Protein chains: 4
Amino acid sequence: MNYRIKDISLADQGKNQLEWAEIHMPALIKIQKDLEREKPLKGVRIAAVLHVTKETGVLMKTLKLAGADISLAASNPLSTQDDIAAALVKYYDVSVFAWKGESEKDYYDNIKSLLESEPQIVMDDGGDLHAFLHENGLYGKVFGGTEETTTGVVRLKAMEEQGVLKYPVIAVNNAFTKYLFDNRFGTGQSAIDGVLRATNILIAGKTCVVAGYGWVGRGIASRLRGLGGRVIVVEASPLRALEAVMEGFEVMNMRDASKIGDLFITATGNIRAISKEHIANMKDGAILANAGHFNVEIDVEGLRSMAKSRRIVRPYTEENELQDGRRIYLLADGRLVNLAAGEGHPSEVMDLSFSNQALSIVHIYKNRGKLEPKVYDVPNHIDEQVALLKLNSMGIEIEKLTEEQIEYSKQWKYGT
Amino acid sequence: MNYRIKDISLADQGKNQLEWAEIHMPALIKIQKDLEREKPLKGVRIAAVLHVTKETGVLMKTLKLAGADISLAASNPLSTQDDIAAALVKYYDVSVFAWKGESEKDYYDNIKSLLESEPQIVMDDGGDLHAFLHENGLYGKVFGGTEETTTGVVRLKAMEEQGVLKYPVIAVNNAFTKYLFDNRFGTGQSAIDGVLRATNILIAGKTCVVAGYGWVGRGIASRLRGLGGRVIVVEASPLRALEAVMEGFEVMNMRDASKIGDLFITATGNIRAISKEHIANMKDGAILANAGHFNVEIDVEGLRSMAKSRRIVRPYTEENELQDGRRIYLLADGRLVNLAAGEGHPSEVMDLSFSNQALSIVHIYKNRGKLEPKVYDVPNHIDEQVALLKLNSMGIEIEKLTEEQIEYSKQWKYGT
Amino acid sequence: MNYRIKDISLADQGKNQLEWAEIHMPALIKIQKDLEREKPLKGVRIAAVLHVTKETGVLMKTLKLAGADISLAASNPLSTQDDIAAALVKYYDVSVFAWKGESEKDYYDNIKSLLESEPQIVMDDGGDLHAFLHENGLYGKVFGGTEETTTGVVRLKAMEEQGVLKYPVIAVNNAFTKYLFDNRFGTGQSAIDGVLRATNILIAGKTCVVAGYGWVGRGIASRLRGLGGRVIVVEASPLRALEAVMEGFEVMNMRDASKIGDLFITATGNIRAISKEHIANMKDGAILANAGHFNVEIDVEGLRSMAKSRRIVRPYTEENELQDGRRIYLLADGRLVNLAAGEGHPSEVMDLSFSNQALSIVHIYKNRGKLEPKVYDVPNHIDEQVALLKLNSMGIEIEKLTEEQIEYSKQWKYGT
Amino acid sequence: MNYRIKDISLADQGKNQLEWAEIHMPALIKIQKDLEREKPLKGVRIAAVLHVTKETGVLMKTLKLAGADISLAASNPLSTQDDIAAALVKYYDVSVFAWKGESEKDYYDNIKSLLESEPQIVMDDGGDLHAFLHENGLYGKVFGGTEETTTGVVRLKAMEEQGVLKYPVIAVNNAFTKYLFDNRFGTGQSAIDGVLRATNILIAGKTCVVAGYGWVGRGIASRLRGLGGRVIVVEASPLRALEAVMEGFEVMNMRDASKIGDLFITATGNIRAISKEHIANMKDGAILANAGHFNVEIDVEGLRSMAKSRRIVRPYTEENELQDGRRIYLLADGRLVNLAAGEGHPSEVMDLSFSNQALSIVHIYKNRGKLEPKVYDVPNHIDEQVALLKLNSMGIEIEKLTEEQIEYSKQWKYGT
């Protein structure tokens with residue numbers, strides 16, 4: 001077996017981490033047990049570009065136990081946990097090409113190394129692997145693939161529209177069970193966790209400004225209120241703004257909010273949600289954090305250009321003293337605060353996302369040759385199955401419709 | 001002018017009611033003022049089948065001031081407010097054919113009477129008018145129409161699918177601003193208001209079972225929690241059930257919930273969400289109410305068949321004493337508790353819905369001849385305009401994207 | 001038996017009402033059953049001045065079944081439910097002297113009538129009976145009494161301080177289980193219920209101003225938030241104001257709040273919490289309600305003096321049009337909105353309060369001759385017993401300390 | 001100047017930390033500025049035994065600027081931040097005798113060292129200094145002191161009762177502004193923060209069991225709900241249990257709760273709130289944390305005795321595998337999870353507590369000779385002043401009573 005990792009002797013530590021993750025991934029573990037028995041992926045060659053974390057480790061192990069041969073590279077040069085990489089190599093025969101702190105050349109070389117296995121199914125997080133296969137005409141043996149994130153889905157849809165996509169891809173990102181956990185409940189909690197680890201401030205009594213009321217913003221606003229904050233929502237869509245009002249939040253524009261906020265968290269998906277003009281209005285001691293994907297939402301350069309001095313007062317907490325003495329605190333350089341200052345998503349969140357991955361892989365393989373080269377949503381029955389596995393793992397029994405009720409609901413649908 | 005109403009002398013009282021409603025319908029009033037100035041419906045003949053309430057009165061007045069000639073009948077034999085009917089006739093020259101307590105023959109005769117005006121635009125709530133026009137081939141002069149409710153939309157979609165729909169219809173029901181207010185926030189509050197008026201119970205400390213976690217169920221669950229209830233959600237969809245769990249609600253099936261609930265509210269859209277088997281499990285004193293559209297969700301006949309005696313202990317509160325002495329309380333005969341025991345939706349809710357109606361009517365007329373005979377959603381710009389009018393009426397200024405931000409969000413969409 | 005009521009033929013209707021109340025008063029019913037078996041008040045003569053409602057009826061029945069002979073008059077000329085009065089006379093041999101709509105002379109004559117029975121224990125709500133007995137030297141045979149309200153307790157404490165109190169009185173008002181239900185959870189819900197019945201407005205999205213953050217204000221603020229309102233608290237005590245801030249509420253003075261509120265509810269216990277100056281700032285459509293004991297919190301005369309016209313637009317909703325056309329809505333003449341526009345406290349609330357009454361009466365009788373002429377709090381073991389009865393009636397089993405834990409907690413108290 | 005610390009070269013780093021703390025302690029800073037100008041403690045000798053943290057540093061600096069000479073030792077051998085100790089020595093002339101990791105002998109030697117200064121006012125956290133002074137008859141020059149914690153107050157009250165207390169002590173612990181922040185809002189947030197840092201679990205959807213519904217338990221229960229948890233309260237007092245029910249929480253005993261909880265947090269102040277019997281019921285994966293003062297609430301020894309193996313899976317997270325394979329996770333050895341796995345209270349919390357300290361010290365000095373040797377509550381005017389300072393620092397203007405209102409509220413109090 002081929003692999004390139006940092007240190008194989010970290011394998012035992014990695015195995016411990018995998019076991020801790022498994023406890024909080026009951027849905028995926030249930031799937032793992034079924035797949036181990038059935039071996040539906042026997043001999044199938046899979047190449048994956050994913051963050052090499054403990055949760056990804058559980059997914060890789062699952063696919064391995066389902067019978068697949070797996071090669072794995074990292075979807076980010078910095079996100080690999082080297083002990084997990086080692087455990088996957090040593091205990092689960094996964095060909096890993098990844099380590100923390102890869103150079104850009106290493107990063108692409110590692111992705112290339114995956115192709116030596118002539119993969120039949122490809123898993124990606126961001127679209128780099130899909131793009132590489134298409135640009136180099138290496139998709140000949142590929143039955144299909146999956147894509148984990150919004151960014152990758154957007155790229156693949158553009159490929160589909162331009163008629164260049166060559167195999168079917170399931171957009172795991174679009175599953176309800178991915179979406180619900182990842183954006184609303186996952187980031188909702190972890191963004192605030194990141195803020196607390198960086199600052200140790202008390203949320204109760206603080207005026208908290210949330211920019212953006214999409215799913216992430218909703219999650220954050222709800223959690224800040226749950227911790228006793230007074231929450232102001234800034235949003236450009238009148239529909240979302242109105243929904244925020246009806247939920248009891250104050251809604252205003254950032255110009256007004258910038259004058260009264262103690263803590264600002266951005267989740268707009270857009271640039272300069274907090275601009276120099278806004279910063280100029282802020283109170284002494286204001287804290288700025290970003291929970292959006294890219295570090296463009298706070299004008300970091302603008303802030304620093306306004307400062308007469310700058311220093312790190314705590315890890316991830318940068319003080320910028322303005323000309324008039326006001327101090328503005330920037331967390332984690334304006335990068336995703338839950339990942340930079342915290343630990344990212346809890347395992348429970350990845351449990352759902354990766355359960356969709358595992359079942360989608362099996363679905364693609366079973367339906368090889370039958371799917372068109374398009375971007376597909378996760379089939380609804382998979383999404384529902386994942387939800388059900390999670391509910392079962394919690395010991396929750398949901399309502400079961402009677403025959404009569406099923407019949408009635410069909411009638412209803414057709415207006416009879 | 002032609003009309004048939006109960007008592008024209010009620011007109012002044014009706015005018016008072018209209019004025020009270022107008023205060024809580026600021027979005028529609030803003031539209032009214034614009035339309036009155038522009039007169040875009042000058043001479044257009046409109047026939048409407050709607051609940052003849054004070055809020056409908058404000059809508060009729062609005063269309064009248066926009067220049068239209070209007071005939072109005074009731075969409076339900078029992079829902080007409082006779083003073084509003086009188087005010088519309090006397091002060092706003094609307095041809096009303098409606099009174100509270102119509103016979104079934106009256107009801108249909110009144111709808112027929114609308115056709116004497118040879119309507120060009122038709123407004124409906126439930127689909128009876130649309131169906132009548134099609135069944136009798138009377139759609140010749142009709143440019144298009146609107147439909148207020150889910151039930152009507154379902155019927156129209158069936159007509160569209162069968163290729164028999166003859167003019168375009170805008171499904172006002174599907175507007176976000178209709179949906180958000182009407183189902184989640186409107187029914188959420190008014191269903192509980194109905195329960196309190198019927199029973200005067202204390203919600204705090206009660207175990208409340210909500211059957212169905214669609215928008216109505218979500219609204220009710222959230223409000224019951226907001227009043228101090230312990231809330232259990234019963235739901236058959238694993239996706240919705242999981243969402244309820246993540247919101248912190250207990251989730252179980254009705255068999256288990258039926259044993260511990262103090263108050264049950266159904267909002268499933270299905271039959272027998274509460275069956276005889278469930279009732280047999282219930283505690284002495286359990287209270288049953290329905291917030292779904294039809295009175296099929298609680299097995300009312302089943303309950304009564306189980307009772308050794310039955311009596312009304314308060315208005316809308318029926319005691320059924322079971323063989324073993326347990327007493328089960330049924331509210332409002334299992335009909336929509338917010339309408340039957342309360343006053344239905346607040347004016348604020350109808351403000352949004354009817355703003356969509358008014359703008360959709362203008363949209364249909366302006367685009368006459370250009371729309372296909374299909375069921376259309378409310379155009380997004382109308383939905384957003386309504387939200388914005390509502391926000392403005394509250395003095396709320398939402399965020400305005402900069403040119404740079406608009407540009408960035410476009411790039412994003414195409415993956416560049 | 002002696003009595004003076006409106007109409008004895010209402011007795012059966014009153015009996016139905018009593019039975020409905022009993023379902024929601026499980027703690028008192030449990031006490032009733034115990035007392036009926038033990039008859040600890042056999043032959044004891046009780047005189048009571050209370051609101052003659054269905055809940056009071058259940059209390060009277062309870063004391064009767066415990067063996068007492070009871071005379072009952074009304075604590076307010078308007079609050080008597082005549083059917084309850086009839087049922088108490090006909091079915092439970094209570095000597096009732098009360099009807100709805102008593103003149104002031106009737107009111108005092110009825111109280112005097114109670115003395116014919118030469119009462120040994122006296123129950124009061126407001127202190128008029130206690131005052132009458134003392135002023136007229138009629139306390140000779142009285143072992144002691146109870147007092148239900150704050151107002152009465154204040155009067156009795158003044159009597160105690162001045163050394164004129166002649167018998168022991170238990171201040172039921174001060175029991176935790178009275179307090180918790182009555183002020184926080186009872187008024188919290190019922191005040192909003194009163195506002196909704198008067199106006200049918202939607203709370204979600206409204207800016208709601210709560211004046212006073214005592215227990216009543218807390219309850220109201222919490223419930224308004226639970227219904228989706230944006231809540232502003234106005235409070236003069238820095239300690240309470242800070243607590244409100246920490247709970248996530250906005251806090252400001254009434255001058256600022258008066259400019260932005262849609263709905264104002266007062267619960268300060270003080271005069272002119274809303275003054276003419278505040279009213280002059282208000283938005284068109286503002287709604288004013290009072291949840292405090294007396295109708296002095298809103299300057300009703302001031303408001304009316306500012307109005308160029310005034311009318312009732314709905315029951316309990318008075319429109320005052322100011323000189324510049326703004327319309328300010330006053331609910332229920334500024335009187336307690338939960339009683340005036342709603343039905344007052346749910347039976348569940350009175351269950352706890354009256355359980356304290358019943359057990360306090362027995363306590364006084366058992367300890368006759370041993371208590372000093374002072375105002376006593378409800379003994380803690382009674383308060384706890386009432387809570388426990390309520391919990392048991394809900395099927396709730398609380399934690400039971402082990403011997404070891406009891407021992408440990410004692411040690412702790414003495415610092416060892 | 002005399003001192004004994006770890007490393008004076010850490011002084012600059014400590015100064016940075018002090019400045020970060022000062023931003024979140026606006027009330028104390030306002031007091032600091034006033035005292036610096038007035039110098040009310042000029043030449044007064046103060047000895048303090050406190051946790052040597054950055055917040056204590058700000059308090060010491062404040063007293064120094066008020067004119068005092070200060071000696072400081074640690075109230076816990078492990079809690080000293082050495083950089084703060086250095087900064088206090090170097091920049092503020094405080095005689096510090098403290099370092100992280102003192103032996104027990106060092107700890108007492110350091111306390112003794114304080115006496116060389118012949119203190120006039122003594123500040124304590126836990127009562128060791130007060131006890132030492134009394135046991136050794138060294139209280140001759142002491143005007144009075146303060147005490148920060150419950151434990152110390154209990155000891156002092158025992159001394160007062162036994163007639164041995166020799167000087168007045170103000171129980172800062174009992175101030176509302178200490179209490180409110182420290183227990184309810186401080187521990188409420190920080191305990192959950194500690195759990196998240198130790199485990200990175202998702203709270204949403206978890207069944208969380210809170211043992212004890214005192215102020216700490218209330219805070220935790222409220223925050224867990226605010227993060228989407230389903231919260232069960234276990235409480236032995238029927239009054240507190242009933243309040244929890246009325247707040248919408250499920251209430252049961254630990255025997256039942258132990259079978260369904262995912263996360264358990266104890267805050268009872270008693271031993272074995274979680275016993276071996278409870279642990280035997282628990283689900284695989286259950287997590288146990290303590291937020292009470294002492295590490296007696298979870299039976300740690302019992303748990304470990306039941307385990308067939310034990311290991312640390314993450315910092316502060318100990319896995320105990322039971323005989324049947326279930327894994328129970330103990331956080332931070334059952335010690336206060338907010339301090340052990342998190343950073344303890346945010347500075348905002350200590351701001352209020354230490355503002356009471358500073359003003360109480362001045363109060364004692366100003367009233368020297370006039371106070372009796374008793375345990376005093378913080379004077380109400382100080383408590384209110386601290387709240388007001390905090391509110392002012394937030395830019396909040398509370399309601400100001402008019403003369404008329406002040407007059408009315410006085411009348412009310414005397415029943416006129």
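How much area do chain A and chain B bury between them, and what share of it lies on carbon and sulfur atoms? In this predicted model, chain A and chain B bury about 4,900 Å² between them, with 66% of it on carbon and sulfur atoms, where buried area is the accessible area (1.4 Å probe) that two parts lose on being put together, summed over both. As the model is predicted, local features need pLDDT of at least 70 and side-chain atom pairs count only at pLDDT 80 or more, while totals for chains, interfaces and linings use all residues. Residues are numbered from 1 along each chain as its sequence is written, chains are lettered from A and ligands numbered from 1 in the order in which they are written, and side-chain values use heavy atoms, with hydrogens and water left out.

The contact between these two chains, contact meaning heavy atoms within 4.5 Å, takes 57 residues from chain A and 58 residues from chain B. Eight salt bridges are counted between chain A and chain B, a salt bridge being a side-chain nitrogen of Lys or Arg within 4 Å of a carboxyl oxygen of Asp or Glu. One of them joins the side chains of Arg255(A) and Glu397(B), at 3.6 Å from N to O. There are also 18 residue pairs in polar contact between chain A and chain B, both residues being at pLDDT 80 or more; a polar contact is a pair of N or O atoms within 3.5 Å, of which, within protein, one must be able to donate a hydrogen and the other to accept it, and residues adjacent in sequence count only if both atoms are side-chain atoms. Among the elements that give two or more residues to the side of chain A that touches chain B are helix H8 (176–199) and helix H16 (380–393) of chain A, helices (H or I, at least four residues) and strands (E, at least two) being DSSP runs numbered from the N terminus. By class, this side of chain A has 31 nonpolar, 12 polar and 14 charged residues, with Ala, Val, Leu, Ile, Met, Phe, Trp, Tyr, Cys and Pro counted as nonpolar, Asp, Glu, Lys and Arg as charged, and the others, Gly among them, as polar.

Arg230(D), Met246(D) and Glu250(D) supply 44% of the area that chain D buries against chain B, more than any other three residues. Chain D and chain B bury about 840 Å² between them, 63% of it on carbon and sulfur atoms. The salt bridges between chain D and chain B number two, and in one of them the side chains of Glu250(D) and Arg230(B) meet at 3.3 Å, N to O. A rotation of 180° with 0.0 Å of shift along its axis superposes chain D on chain B, with an RMSD of 0.1 Å. The two copies are thus related as by a two-fold rotation axis.

Methods:
Copies are superposed by least squares on the C-alpha atoms of residues with pLDDT of at least 70 in both.
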